[in-house]
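Have a look at the structure, then read on.

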Amino acid sequence: DGLIWLDGEMVPWREAKVHVLTHTLHYGMGVFEGVRAYETPKGPAIFRLQDHTKRLFNSAKILGMDMPFSEDELNAAQLAVVKQNNLSSAYLRPMCFYGSEGMGLRADNLKTHVMVAAWEWPSYMGEENLSHGIRINTSSYTRHHVNITMCKAKANGNYMNSMLALQEALRNGYDEALLLDNEGYVAEGSGENIFVITNGELHTPELTSCLDGITRRTIIQFAEDLGITVKERRITRDEIYIADEAFFTGTAAEVMPIRELDGRSIGCGSRGPITEKLQSMYFDQVKGQREE
Ligand code: PLP
């Protein structure tokens with residue numbers, strides 16, 4: 001129970017439904033965000049709210065979807081959903097989708113609907129993994145961002161391979177998948193950006209086949225604050241095997257150490273010291289213990 005913001009109104013959770021002929025359900029053309037609110041000394045605070053809303057609007061623009069609301073209205077909607085559901089911490093899911101006003105591939109005659117839901121969602125991959133790290137495998141599915149949408153759009157249609165990769169990893173007993181790009185370079189996890197630490201430097205794939213993650217930007221900033229050299233470049237899978245440390249970043253996964261890739265133990269085989277430092281800076285910041 002609770003309230004979901006739908007097209008400008010608060011609707012009871014059970015009534016926030018769509019018709020089976022909802023266009024986005026059939027063709028996957030839609031955009032969404034994953035946002036978190038954390039409990040802070042000043043009450044619940046949505047981390048990087050404006051950045052997430054901006055990315056949602058950019059995603060819609062890239063896909064050519066008309067947005068019937070302003071960024072300010074969407075910011076206010078997200079704050080209202082957290083507040084009116086009395087959530088002290090939450091995962092928020094804003095999404096824009098085409099309705100059931102018409103079928104067929106054309107969408108220019110359809111209305112864009114917008115919704116924001118929020119619920120309590122603790123650690124995505126488990127508290128214990130945050131300190132010990134996860135085991136992943138290289139997926140047989142590749143990350144090829146739909147031609148035109150590239151890395152700036154968080155679009156529903158981009159997720160088929162991510163979901164297949166995660167399904168494959170889970171079935172094979174791993175916690176997450178690593179997707180390579182079309183050329184065989186490291187792209188990202190199913191819903192996370194990846195970083196490796198080698199010789200005290202932080203390396204992450206450049207923005208050609210991974211999402212421009214907001215947690216990624218935050219971690220790059222932290223590393224720069226610490227005086228750690230950051231390089232955005234093409235990374236090969238074997239570089240991860242022999243890296244000192246590796247971790248995933250994402251709003252859901254937060255800062256998640258990777259302890260094993262394809263049966264090779266990475267570094268000390270657990271959370272490394274630089275990962276631990278960046279992770280604690282992240283939690284301090286989202287929980288309002290560290291100035292932005
Ligand atoms: N990569 C993909 C494919 C994602 O879905 C996400 C999640 O949003 C990320 C990376 C991490 O992005 P962010 O840190 O903005 O949550």
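Two cavities of 30 Å³ or more turn up in this protein, which is a predicted model.

What lines the largest cavity? Among its lining residues are Asp244, Glu245, Pro257, Ile266 and Arg271. The elements giving two or more residues to that lining are β14 and β15 (254-261). Sorted by class, the lining has four nonpolar, three polar and three charged residues.

The second largest cavity has its own set of neighbours, including Asp181, Tyr185, Pro205, Arg233 and Arg234. Its lining counts four nonpolar, two polar and four charged residues.

The space it takes up is the largest pocket. Two elements, α6 (214-225) and β14 (245-250), each give two or more residues to the shell around the ligand. In total, 16 residues surround the ligand, and Tyr159, Glu188, Ile214, Thr215 and Thr251 are the closest. By class, that shell has three nonpolar, eight polar and five charged residues.

Which N or O atoms come up against the ligand's oxygen atoms?

| Residue | Part of the residue | Distance to a ligand oxygen atom |
|---|---|---|
| Arg55 | side chain | 2.8 Å |
| Ile214 | backbone | 2.7 Å |
| Thr251 | side chain | 2.6 Å |

Taken alone, the ligand would expose 380 Å², and the protein buries 96% of that.

Notes. Residues are numbered from 1 along each chain as its sequence is written. This is a predicted model: local features need pLDDT of at least 70, side-chain atom pairs count only at pLDDT 80 or more; totals for chains, interfaces and linings use all residues. Side-chain values use heavy atoms; hydrogens and water are left out. A residue is near a molecule or strand if one of its heavy atoms lies within 4 Å of it. A polar contact is a pair of N or O atoms within 3.5 Å; within protein, one must be able to donate a hydrogen and the other to accept it, and residues adjacent in sequence count only if both atoms are side-chain atoms. Accessible areas come from the Shrake-Rupley method with a 1.4 Å probe; for residues, only the protein chains shown count as cover. On a 1 Å grid over the protein atoms alone, a cavity is a set of points where a 1.4 Å probe fits but cannot get out, and a pocket is an open set with protein on both sides within 12 Å along at least five of seven lines; lining residues have an atom within 4 Å of a point. A molecule sits in a cavity or pocket if more than half of its atoms lie within 2 Å of its grid points. Helices (H or I, at least four residues) and strands (E, at least two) are DSSP runs, numbered from the N terminus. Ala, Val, Leu, Ile, Met, Phe, Trp, Tyr, Cys and Pro count as nonpolar, Asp, Glu, Lys and Arg as charged, and the others, Gly among them, as polar. Grid points are joined across faces, edges and corners, and a volume is the space filled by probe spheres set on the points.
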